[in-house]
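Me: I'm new to looking at protein models. Could you show me how to read a few features, one by one?

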Amino acid sequence: MDALTPPSADSSAPAASAATPAPDRSRVHEVCAEPSIANHFLAELRDVTVQQDSLRFRRNLQRLGEIIAYRISSHLSYTDQSVRTPLGESSGKLLHDFPVLATVLRAGLPFHQGFLNYFDQSPSAFAAAYRIEGTAQVQVQVDYLSAPSLDERVLILADPMLASGKSLVQTYRAMLRFGTPRQVHIAAVIASPQGVEYVTREVPEATLWVAAIDQGLNEQAYIIPGLGDAGDLSYGSKL
């Protein structure tokens, strides 16, 4: 999403207790925990000087989407198949079925494109979500959904910033009206520890992929050090 949900938006979530299972961190993958070219793209995304070039900012979101898509691909199903070359035959492993790629408008579009560059035969799903303000508790409203059937499909839900996690969880639950996926992956570029905990608790069936997990959230629920507003940096500031 463009705007990040403040901490108070998660206040309605049930508090953790001794009876609540701890989040399964084995299903959380931090891609930039080990040095790779992904660290370079992430550093450029954060850099206030490089951020002045919106084309490069969008491209770096795409690149990280491509890298995470590749990582997720090793967890998918493949079929052995013979492939005829100009000089003979070879055997290969072909993706059994392409995942459904879902994202949240508008900040998620460049990140989504990175996944689509790799899963080029995938159908796409989109959600429009916004914050309802002016009340004691800020709520997230999902008012537009477009998706193919999700029944028994692999679903990858991608959004660059995982702050409180409420918007991603609400978007995922709203998409379940299109069916129940057999496998769920949630992807983000930068996450807060609070967001990781919330998503892994509320969507235990999902595997979470992030480039980096940052320090936490500030009073406005922006991730620190984060990178700012991904939607504005990609497409310009909004009213």
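Me: Let's start with a place in the chain: where does Arg106 lie?

Reply: Arg106 lies in the loop between β4 (100-105) and α3. Those labels are DSSP runs numbered from the N terminus: helices are H or I with at least four residues, strands are E with at least two. Residue numbers start from 1 along each chain as its sequence is written, and side-chain values use heavy atoms, with hydrogens and water left out. Keep in mind that this is a predicted model, where local features need pLDDT of at least 70 and side-chain atom pairs count only at pLDDT 80 or more, while totals for chains, interfaces and linings use all residues.

Me: What is the peptide bond from Leu105 to Arg106, cis or trans?

Reply: Have a look at omega. Going from Leu105 to Arg106, omega is near 0°, and the bond is cis. The peptide bond from Ile224 to Pro225 is cis too, with omega near 0°. You'll find Pro225 in the loop between β12 (223-224) and α6 (230-235).

Me: What about phi of Glu152, positive or negative?

Reply: Positive: phi of Glu152 is near 60°, and this residue is not a glycine. As for its place, Glu152 sits in the loop between β6 (139-146) and β7 (154-158).

Me: Now the helices. At what angle do helix α1 and α2 pack?

Reply: Two packed helices are described by the angle between their axes and the distance between the axes. Here, α1 (residues 37-46) packs on α2 at an angle of about 150°, with the axes 9 Å apart. Axes are lines fitted to C-alpha atoms, for helices over the stretch in contact, and angles run from 0 to 180 degrees between N-to-C directions. So α1 is roughly antiparallel to α2. (Under 35 degrees is roughly parallel, over 145 roughly antiparallel, 65 to 115 roughly perpendicular, and the rest oblique.)

Me: Which residues make the contact between α1 and α2?

Reply: On the α1 side, they are Ile37, Ala38, Phe41, Leu42, Glu44 and Leu45; on the α2 side, Arg56, Phe57, Asn60, Leu61, Arg63, Leu64 and Ile67. Contact means heavy atoms within 4.5 Å. Sorted by class, there are nine nonpolar, one polar and three charged residues where α1 meets α2. (Ala, Val, Leu, Ile, Met, Phe, Trp, Tyr, Cys and Pro count as nonpolar, Asp, Glu, Lys and Arg as charged, the others, Gly among them, as polar.)

Me: And how do α2 and α3 cross?

Reply: The axes of helix α2 (residues 54-73) and helix α3 (residues 108-118) come within 7 Å and cross at roughly 45°. The two helices are therefore oblique to each other. In α2, the residues that meet α3 include Leu61, Gly65, Ile68 and Ile72, and in α3 their partners include Phe111, Gly114, Phe115 and Tyr118. The contact of α2 with α3 divides into ten nonpolar, five polar and two charged residues.
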